[in-house]
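Subject: The structure you were waiting for

Hi,

Here is the structure I promised to pass on. Have a look at it first, and then read my notes below.

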Amino acid sequence: MEEKQYFIGIRFAGTIKSYYFSTTIDDLKIDDLVVVETIAGYEIGKVCTELQDMSKYTSNLALKPIIRRPNKDDMAAYQLGIKEAGEALEITRKEVEKLGLSMNLIDAFYTLDGSKVTITYTSEGRVDFRDLLKVLAPQLKCRIELHQIAARDKAKMIGGIGICGLPLCCATFLNQFDGISISRAKNQMLTLNIPKLSGHCGKLICCLLFEDDMYTEAKKDFPKFGAVVKIDGEEYKVDGYNILSRTVKLVSQDNLKFIPLNEYKAIEKKSSKPAARDRRN
């Protein structure tokens, strides 16, 4: 009987992206470790998605199979790799300081067979690390890849607690960072205080991105700024509103009012009714 085929997402240490592999192992769960073959060599990765039936796979890319769950030898090599990665990172840090390179080292990761080490770092610009590779090669005695990552990717890798008191969005569920600009803050009517709108990475907070569509839709229910209504014979202009509390700020020459949106709509509807015709005409 032919074994049932599945596909599943795997994430590797030092990366934020997940990669799909095929498997016949039908009881894999999120956070399980597996051994796979990548272009870098054999690696241990962590399951990051649920198993899905192969019939749901729509990409044209061929999937490599998961080789096995890690055995004792695999785990011994994995633990040794973690120890040696720490040593490699310290060696690299010393050489970076000697060469005066503008590199903020993040972490190091070995393949399962120890044939390659990947060292991740952040930098404000491009770094010429050819001299660094020359001095590292005889010390680390393996293939070396220096991988530059963005500030947001660093925060995703390291994690932390956001200003909301919850784990960072990028480290939990958010995988896309495109289009996070100050225009999002303006759309959400936030005070443009950049330090307060910045996350652990020093960039604008991620929630500006995934909350933006909600604010755009919610604002359609509110009046335009400058709209005029009459209350007790006095003219008021719409000067602001709060989407979360659903209140409208109204100002006149002498007064200031905050009223619920539904109350404003009732006043607006009443104001827009045509005046009754004079029956004598």
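Two strands count as paired if DSSP finds at least two bridges between them. One of the residues involved is V248, whose bridge partner in strand 13 is I259. Please keep in mind throughout that this is a predicted model.

That pairing belongs to an open sheet of 4 strands, in the order 10-11-12-13, with antiparallel pairing. Strand 10 and strand 13 (256–260) are the edge strands, each pairing on one side only. From one strand to the next, the twist averages 40 degrees.

Next, helix 1. It runs over residues 72–99, and at 1.5 Å a residue its 28 residues should span 40 Å; the end C-alpha atoms are 40 Å apart, so the two agree. At the start of helix 1, a side-chain oxygen of N71 comes to within 3.1 Å of the backbone nitrogen of D73. After the helix comes G100, which has a positive phi, near 65 degrees.

Which residues of helix 1 are buried? They are D74, G81, A85, A88, L89, T92, E95 and V96. The elements covering them include strand 3 (33–38), strand 4 (41–47), strand 6 (66–68), strand 7 (104–110), strand 8 (116–122) and helix 2 (130–140).

Now the aromatic rings. The model has 7 aromatic pairs. In one of them, F7 and Y20, the ring centres are 5.3 Å apart and the planes stand at 75 degrees; planes over 60 degrees apart count as edge-to-face, so this pair is edge-to-face. F7 sits in strand 1 (residues 6–11) and Y20 in strand 2 (residues 18–23), so the pair ties together parts that are 13 residues apart in sequence. F7 is buried, at 4% relative accessible area, whereas Y20 is partly exposed, at 39%.

F225 and Y241 also form an aromatic pair, this one tilted, with 5.2 Å from centre to centre and 40 degrees between the planes. Because F225 lies in the loop between helix 7 (212–219) and strand 10 (228–231) and Y241 lies in strand 11 (residues 234–242), the pair ties together parts 16 residues apart in sequence. Here F225 is partly exposed, at 48% relative accessibility, while Y241 is buried, with a relative accessible area of 13%.

Finally, back to F7 and Y20: ring pairs link them with Y57 into a cluster.

Best wishes

Key:
Residues are numbered from 1 along each chain as its sequence is written. This is a predicted model: local features need pLDDT of at least 70, side-chain atom pairs count only at pLDDT 80 or more; totals for chains, interfaces and linings use all residues. Side-chain values use heavy atoms; hydrogens and water are left out. Helices (H or I, at least four residues) and strands (E, at least two) are DSSP runs, numbered from the N terminus. The expected span of a helix is 1.5 Å times one less than its number of residues. Buried means under 20% relative accessible area, exposed over 50%, partly exposed in between (1.4 Å probe, protein chains only). Contact means heavy atoms within 4.5 Å. A polar contact is a pair of N or O atoms within 3.5 Å; within protein, one must be able to donate a hydrogen and the other to accept it, and residues adjacent in sequence count only if both atoms are side-chain atoms. Rings of Phe, Tyr and Trp (its six-membered ring) pair if their centres lie within 6.5 Å; planes under 30 degrees apart count as stacked, over 60 as edge-to-face and the rest as tilted. Axes are lines fitted to C-alpha atoms, for helices over the stretch in contact, and angles run from 0 to 180 degrees between N-to-C directions.
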